[in-house]
Amino acid sequence: MIETAIKNVTEGQDLSAAEASTIVEEIMTGKAQDIQIAALLTALSSKGETAAEIAGAARAMRAAAVAFPSQPQALDIVGTGGDHSNSFNISSTAALVIASLGYDVVKHGNRAASSKSGAADVLEALGFPINQSVAESEAMLAKYHFTFLFAQQYHQAMKYVAPVRKALGIRTIFNLLGPIANPAGPKKVVLGVYDASLLEPMAQVLHQLGVESANVIYGTDGMDEASIAAPTKVVQLRGDQITYQTIRPADFGLQEADKAEIIGGTAAENAAITQAVLAGEAGAPRDIVVLNAALGLNVLDEQISLQEGVRLAQEAIDSGKAEALLDNLVAGVELAL
């Protein structure tokens, strides 16, 4: 199948979702040669991946993953990466704020690819156990409303793709698949993208994957997060409906800040920023976390406006709930040991 796909895609033809799924299944089971994988990924990148191709490939990637009990009412808040903004781990911090309010968050992520600290890196630096078993992660979610699924642990079949991606050194369809391949299958998603042209296509992809409610976001200063330094474009998916809006920090009483104020660094440095935010330290890092958390709360409950979401996120921090959640997560692990 992959030989035919390479020929067709090279000639500019799109794959159907079913074809894309079958081909990724071939790749994930070790049936494709490295040179074939490289040719296909390069051809798709050159042609431009369609929503159907991305959705079909994502289904195959999920099917090949280690199984995790379905969590349709949970939220995942994640970015594609690749925006080269060098920000601290905003979505991971926002995830903790949201979970502290009693909403289930299943964060799915990996180590850094285009930055110094990925979600796995910063959580590990905070003392969180990134290599938990399925049962341990499920128990943590039930008790604390938060858990983390480490991509390397759940997507072991990526071993057939990783060397090729590294050798190619270009963005491929797998840059888009990772953020939407959460094994828990949450139907509520905040997805940040690195390019405005991906906003509507990725909303369509999420719809095809059965996501019920999503905010797909792009900071117009190039961030795959809602930005505190510039307007943010938001494509909202609610059921079968897709709508568009642009939001600005000032809309929610937040002060616009220079992008340099949310720059991160190593995992340890980013962990320190997260701890400071959760402890209530004022400034741009707190404001950008609050804004992104609000987008997640709005997805979880349509009755929560973004304005109300900002207020709830601020309250979660100021009341100590967010900091207490992190303390409990880490303490619970240490007690279990």
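Which handedness does the crossing of helix 13 and helix 14 have? In this predicted model, the crossing of these two helices is right-handed. Helix 13 and helix 14 (residues 306–318) pack with their axes 8 Å apart and at an angle of about 120 degrees. Because angles of 65 to 115 degrees count as roughly perpendicular and those over 145 as roughly antiparallel, helix 13 is oblique to helix 14. On the side of helix 13, the residues that meet helix 14 are Arg286, Val290, Ala293, Ala294, Leu295, Leu297 and Asn298. Their partners in helix 14 are Leu306, Gly309, Val310, Leu312, Ala313, Gln314, Ile317 and Asp318.

The largest nonpolar core comprises 60 residues, of which Val97 and Phe146 touch the most other members. The largest share of this core, 11 residues, is supplied by helix 13. A second, separate core contains 51 residues, among them Ile37, Leu40, Met61 and Val216. In soluble globular proteins, nonpolar side chains tend to be buried together. Helix 4 (residues 51–63) and helix 11 (residues 199–208) pack with their axes 9 Å apart, at an angle of about 45 degrees. Helix 4 and helix 11 are therefore oblique to each other, and their crossing is right-handed. The contact involves Ala51, Ala52, Ile54, Ala55 and Arg59 of helix 4, together with Pro201, Met202, Gln204, Val205 and Gln208 of helix 11.

Helix 12 (residues 267–278) has 12 residues, which at 1.5 Å a residue should span 16 Å. The C-alpha atoms at its ends are 16 Å apart, in agreement with that expectation. The buried residues of helix 12 are Ala267, Asn270, Ala271, Thr274, Ala276, Val277 and Leu278. Just after helix 12, Gly280 adopts a positive phi of about 105 degrees.

Lys116 lies in the loop between strand 2 (105–109) and helix 6 (119–125). Its relative accessibility is 63%, so Lys116 counts as exposed. The C-alpha atoms of Lys116 and Leu177 are separated by 21 Å, the two residues being 61 residues apart along the chain.

Definitions and conventions: Residues are numbered from 1 along each chain as its sequence is written. This is a predicted model: local features need pLDDT of at least 70, side-chain atom pairs count only at pLDDT 80 or more; totals for chains, interfaces and linings use all residues. Side-chain values use heavy atoms; hydrogens and water are left out. Helices (H or I, at least four residues) and strands (E, at least two) are DSSP runs, numbered from the N terminus. The expected span of a helix is 1.5 Å times one less than its number of residues. Buried means under 20% relative accessible area, exposed over 50%, partly exposed in between (1.4 Å probe, protein chains only). A nonpolar core is a set of buried Ala, Val, Leu, Ile, Met, Phe, Trp, Tyr and Cys residues joined through side-chain atoms within 4.5 Å. Axes are lines fitted to C-alpha atoms, for helices over the stretch in contact, and angles run from 0 to 180 degrees between N-to-C directions. Angles under 35 degrees count as roughly parallel, over 145 as roughly antiparallel, 65 to 115 as roughly perpendicular and the rest as oblique. A crossing is left-handed if the near helix is turned anticlockwise from the far one by less than a right angle, and right-handed if clockwise. Contact means heavy atoms within 4.5 Å.
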